[in-house]
Amino acid sequence: MRKIVAFLLATTILLSMCISVSAVESDPQPRYINTNQAKIVMGISDTGLASITITCIGNSNAKRIQSVTYIERLVGSSWVRVSIGQTNNQWTESTTARYLAEDYSHQLTTRGTYRAVVEFTVSGTQTEAITLYSQDTF
């Protein structure tokens, strides 16, 4: 009888460890108030052309989506904003629709590690701020 109880106990412990490990491995998705999805993707070509795509999809609470997008270069241990020829070296967009998607590009002249940053402000039930990053090397 003791062997059966020990076997059942060992099996229960082993199964509970498997269940908790699989839960840890899954990628947690952020929970937003006014937003179903927010995303930024940046890629840099071999010639240094940085291409950025931003997307923000609001849910039924969303009344306005605003975005500020810019590029930063890693200098030492600090991120420094890249001059892109726009006011404040950033691209800005705003819409009262529940969907905002934009593509940007900029020719980089110096090799290094870069990241694109987008700051979404989604107004609705409450104002929600979302900052996302996408990194690549040229």
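Modeller: A residue counts as buried when its relative accessible area is under 20%, as exposed when it is over 50%, and as partly exposed in between, with a 1.4 Å probe and protein chains only. This is a predicted model, in which local features need pLDDT of at least 70 and side-chain atom pairs count only at pLDDT 80 or more, while totals for chains, interfaces and linings use all residues. Residues are numbered from 1 along each chain as its sequence is written, and side-chain values use heavy atoms, with hydrogens and water left out.

Colleague: What percentage of the residues of the chain count as buried?

Modeller: Of the 138 residues, 32% count as buried, so these fall under the 20% limit of relative accessible area.

Colleague: How many strands does the chain have, and which pattern does the chain follow?

Modeller: Helices (H or I, at least four residues) and strands (E, at least two) are DSSP runs, numbered from the N terminus. The chain has one helix and eight strands, and along the sequence these read α-β-β-β-β-β-β-β-β.

Colleague: Why are strand 2 and strand 6 called a pair?

Modeller: Two strands pair if DSSP finds at least two bridges between them; nine bridges join strand 2 (residues 49-58) to strand 6, so these antiparallel strands pair. Within them, I52 stands opposite Y104 in strand 6.

Colleague: What makes strand 1 and strand 6 edge strands?

Modeller: Three strands form an open, antiparallel sheet in the order 1-2-6, and its edge strands, strand 1 (35-44) and strand 6 (99-107), each pair on one side only.
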